[in-house]
Amino acid sequence: MEEGLKIELGKQGVFVTTIEELYNWGRRSSIWPMQFGLACCAIEMIATTMARYDLARFGAEVFRPSPRQADLMIISGTVTKKMAPQVVRLYNQMAEPKYVIAMGACAISGGPFKQGYNVLKGIDRYIPVDVHIPGCPPRPEALIQAFMTLQKKIDGQNLTGEGRPRHLDAEAQGEFPVPVQGEHDLEPSSNRLVWPLPMKTGIRD
Amino acid sequence: MASNPYFSLAVLFVAALGFGLAPLGLAKLWGMVFSPPKPNAIKNSIYECGLESKGDAWMQFRSAYYLYAIIFLIFDVEAVFLLPFAVAFTGLGVAACVSMLVFVLLLIEGLAWAWAKGVLTWA
């Protein structure tokens, strides 16, 4: 359907849409996050859901206490190496389609604790992250920005062909291996499928 | 067949069945086309949690708990009946008092039986 024709029809009171548009509208308007806070960023996440910032405007105020009912995982805080297997396991238990927002410096890179022996240097080593938000902690506006970015991303997805969401791709991997505590580090130290190019920064990790 | 007086009931029954099953079927169809499942062992685990469940859900409880529950029920029911009785006590006749006494004695008999059986002794 051409955009111009659609507008012309709309002027005549005829509204047309596609299954894809409806489907993506439904997906992006009801992103239910998982009730899951890791550290100080969780406080900002809680503030975002409250009356002042009102996440309900985006249809995302329904925080679910069970991964089986959640669409979105907000990694809100430092992921320690002790917590990482649980995070990945919870992500695995979420039903498709599922999304991840890595909130704050810790979740995207380890943040101020990057040098710590017990801190994971970014959750994107194990699970695919859709939106990264910098900040320590990011303000609620930043989280709302992340929501809007995620909504744009969902809106832009086609149901068929290249770039279709993972759950509509029968070939796509649905399970992400849960790391186990090794002698010195988590094993494996990253999932090569979601984190193929480790940056050589010179900092030992 | 159409002359049968129950024919219209049968038609309504089929319609009602369709009314219930059609949305379920449509929902299933929608799910198959637009949200195909990607099951895995972790997702299918019985209890959703970051930690693996330990042990079996089919564990055995001591039957002693069941006896305690029964005895608790004796006192529980007794309290439920005794309270309104005590509230209305001054306005009650002899018959009400006697029947209440019989009721309490019946419960005491149950307790005495359990006591004699050694239920109250934790083994």
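Tutor: Happy to! We'll need two words first: helices are DSSP runs of H or I with at least four residues, strands are runs of E with at least two, and both are numbered from the N terminus. Keep in mind that this is a predicted model. Let's stay with chain A. Its domain assignment gives domain 1 (1–30) and domain 2 (31–155). Where these two touch, domain 1 of chain A supplies six residues and domain 2 of chain A supplies 10. Their centres, taken over C-alpha atoms, are 31 Å apart.

As a rule, most residues other than glycine have a negative phi, and most peptide bonds are trans. Begin with Asp54(A), in the loop between helix H3 (41–49) and strand S1 (72–76) of chain A. Although Asp54(A) is not a glycine, its phi is positive, near 55°.

Next, move along to the loop between strand S3 (131–133) and helix H6 (140–155) of chain A, where you will find Pro137(A). The bond joining Cys136(A) to Pro137(A) is a cis peptide bond, with omega about -15°.

Finally, go to the segment after strand S5 (186–187) of chain A, which holds Pro188(A). Here Glu187(A) and Pro188(A) are joined by a cis peptide bond, and omega is about -5°.

Methods
Residues numbered from 1 in each chain as written. Chains lettered and ligands numbered in written order. Predicted model: local features only at pLDDT ≥ 70, side-chain atom pairs only at ≥ 80, totals over all residues. Heavy atoms only, no water. Domains from an automatic or database assignment. Contact = heavy atoms within 4.5 Å.
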